[in-house]
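I opened a notebook page for this structure and listed what to look up.

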Amino acid sequence: MKRTPLIVGNWKMHKTVTEAEAFVAALLPAVSTADGVEVAVCPAFVALQAVVDSVRGSRVQVFAQNMHYADSGPCTGEVSPPMLVEAGVQGTILGHSERREQFGETDRALALKVPAALDAGLVPILCVGETEDERERGDTERKLRHQVKEDLQRVAIDRLGDVVIAYEPIWAIGTGRVATPDQAQEAIAFVRALVADRSAEQAERTRVLYGGSVKPDNAGELLALPDVDGALVGGASLEAHAFPAIVAAAG
């Protein structure tokens, strides 16, 4: 089964509304001719509506950086699935390592968030990955097995292929270090095998992205790996020349 590559730019806590609109104006013509690849950007919450309006009619999708699993409630500072849908958002990152490590996001919460996103019609990008200490101890597979199984446990088998999974080795996020092609392929193939434990058919549908210091000079090699279906891009997604080059490498 051919899986369409997906290149996602996670802007994190960067770009005001004005900066986001200016960036999108430069981005759209730069990615308009890339064939065979889907493109999404993930602005901060305050810029979501402005970016949705700016990309309207283009090939670029807009995803959020986080989401609560409840439709409403006494959850100060959170944003619900219906709020994102009404704003025209098409998907959301869930479980990014910065959310897990800095803000205490748990696998228990993610087990509720992933199916909630699917039920709302949003594409969830579930982030998984190991720390440097875990890799050095040989615990990479143990960590990935725990995260994938716990976080997808409430997803119906026939919806597994609708979840995008992003493998992001935590030691490579924002550090300039990047997993070797062998490391990336091995981990991502293992993630796909974990999905296949529940359904081989759905595993073939599941897009697994690589994230962690993806840049134009390493994107081609990473995206050519047999089990890599795209990239979750951090710092390089903030640069008007770098992000389109990564999109072109996927297309």
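Below are my entries on the cysteines and on one strand with its neighbours.

**Entry: the model.** I noted at the start that this is a predicted model.

**Entry: cysteines.** I recalled that a disulfide joins the sulfur atoms of two cysteines by a covalent bond. How many disulfides does a search of the whole structure find? I searched and got zero. I then looked at cysteine 42 and asked which cysteine sulfur is closest to its own. The closest one belongs to cysteine 127, at 9.0 Å. A disulfide needs the two sulfurs within 2.5 Å, so this pair is too far apart for a bond.

Is cysteine 42 buried or exposed? Cysteine 42 is buried, and its relative accessible area is 0%. For cysteine 75 I found 28%, which makes that residue partly exposed.

**Entry: strand S7.** I went through residues 208-211, which form S7. Val208 and Tyr210 point one way, while Leu209 and Gly211 point the other way. I wrote down that all four residues are buried.

**Entry: neighbours of S7.** Which strands pair with S7? One is S6 (residues 164-167), which is parallel to S7 and pairs with it over three bridges. Here leucine 209 of S7 is the bridge partner of alanine 166. The other is S8 (residues 230-233), also parallel, with two bridges to S7. In that pairing glycine 211 stands opposite leucine 232 of S8. I followed the chain from S7 through helix H10 (residues 216-223) to S8 and recorded a right-handed β-α-β crossover.

Terms used: Residues are numbered from 1 along each chain as its sequence is written. This is a predicted model: local features need pLDDT of at least 70, side-chain atom pairs count only at pLDDT 80 or more; totals for chains, interfaces and linings use all residues. Side-chain values use heavy atoms; hydrogens and water are left out. Buried means under 20% relative accessible area, exposed over 50%, partly exposed in between (1.4 Å probe, protein chains only). Two strands pair if DSSP finds at least two bridges between them. A crossover is right-handed if, with the strands pointing away from the viewer, the path from the first strand over the helix to the second runs clockwise.
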